[in-house]
Structures are given as C-alpha cells and as structure tokens.
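Hello,

Here is the structure I promised to hand over. Please have a look at it first, and then read on for what turned up.

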Amino acid sequence: MLRSNVSRDRVVGFTLIESLIVVSIAGILMAISIPSLLAAQNRAKLAQAQDLVVASLQESQRESTRRNQSCTVTFDKSENKILGEGGCLLSSDRVLPSGISLDYTGTAAGIQYGVRGNTTTNKAIMLGLKDDLHPTRCLTISAPLGIIRLGTYNRQTNSCGKLNN
C-alpha cells in the first residue's frame, strides 16, 4: 500500500498574519469609502428636498388654476415645512428631510399663485445642509408666469447659477 506524504494531523487554514493583513486591508477600504458614502447620502437628501419644494410649488400652481382661486405656499424656516394655505397642497403640509436648512429671499415667507397660476413674486429658495455654511441648491421662481429654475447657490455673488448635474 502506498503511503501519502501528507500528514493527516496537519491543520489547513490561514495563519494569524494572513488574517490580520486581510482585516487591515478591509479596514483601510472602509475608511476610504465612508466619506464618499456620507457625501452621496447628503447629495440625495438635497435632491429629495429640492424635488419636494418643486413638486409643492407646481401642485399649488396647478390647484390654483383648477379651483379658480388664489393659492399660497408658505415656507417655515424654523420647522423646515412647506405649508399650503387654502387647500393648495392636496395631501398635507410637506416636511423637508432632516439635516436640511431652508432659506429664501425677501421678507414674505411664501409665494401666492393667482387664479391663472401666475405670480407677482420673484423669489429664490436656498436649500443646504445644516452643518454646512453654504446652501448648495437653489430654486428661483420668476414672475409673472411662475417658472421654476433650478441651480446652485453662490454665496460670494449671492446668486443662483446654473445647476451642474
């Protein structure tokens, strides 16, 4: 009978050094990827907030023409809410995602749409992260048609520029 050169008592597996190398490589990869993941989550929150504001404004404009009555959308900075007065927002008031700051130009906290969906207010709405000093997204509503344009906010020039996606 032939004998095998491999001992049956030998344990097959990874050594401690090999295991530590694999764990440290995985840790380095995680340390590199976590900031990118957090930045992607923040961009998604901003996009969600922007979509919520645009949808609320468009719904209010649509309802004002459908009902043949004026509708007002009000922005509450302290609670990060979008309020529809007079039943302009069909479902209910809208709440922005947590961690998002809301600001707007002018003293009036809202935009009023007339019976034809037009507005007399030019307004810029800035959305940003609460822990960041600079709002990064903005929306401008132009009178008289109520056209909504999206862009990025430039703090130095205090203006809303073209959105780069």
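**An enclosed strand and its neighbours**

Strand β7, which covers residues 137-142, has five of its six residues buried, so the rest of the structure largely encloses this strand. Please keep in mind as you read that this is a predicted model.

Which strands pair with β7? On one side of the list is strand β6 (residues 123-129), which pairs with β7 in the antiparallel sense over five bridges. In this pairing, methionine 126 stands opposite cysteine 138 of β7. Strand β8 (residues 147-154) is another partner, and β7 and β8 also pair in the antiparallel sense over five bridges. Here you will find isoleucine 141 opposite isoleucine 148 of β8.

β7 and β8 form a hairpin with four residues between the strands, and in this hairpin glycine 146 takes a positive phi near 80°.

**The disulfide**

How many disulfides are there? The count comes to one. Cysteine 71 and cysteine 88 form this disulfide, with their sulfur atoms 2.4 Å apart. Cysteine 71 belongs to strand β1 (residues 71-76), while cysteine 88 sits in the loop between β2 (81-85) and β3 (94-95), so the pair ties together parts that are 17 residues apart in sequence.

Is this disulfide left-handed or right-handed? The torsion about the S-S bond of cysteine 71 and cysteine 88 is about -105°, so the disulfide is left-handed.

Definitions and conventions. Residues are numbered from 1 along each chain as its sequence is written. This is a predicted model: local features need pLDDT of at least 70, side-chain atom pairs count only at pLDDT 80 or more; totals for chains, interfaces and linings use all residues. Side-chain values use heavy atoms; hydrogens and water are left out. Buried means under 20% relative accessible area, exposed over 50%, partly exposed in between (1.4 Å probe, protein chains only). Helices (H or I, at least four residues) and strands (E, at least two) are DSSP runs, numbered from the N terminus. Two strands pair if DSSP finds at least two bridges between them. A disulfide is a pair of cysteine sulfur atoms within 2.5 Å.
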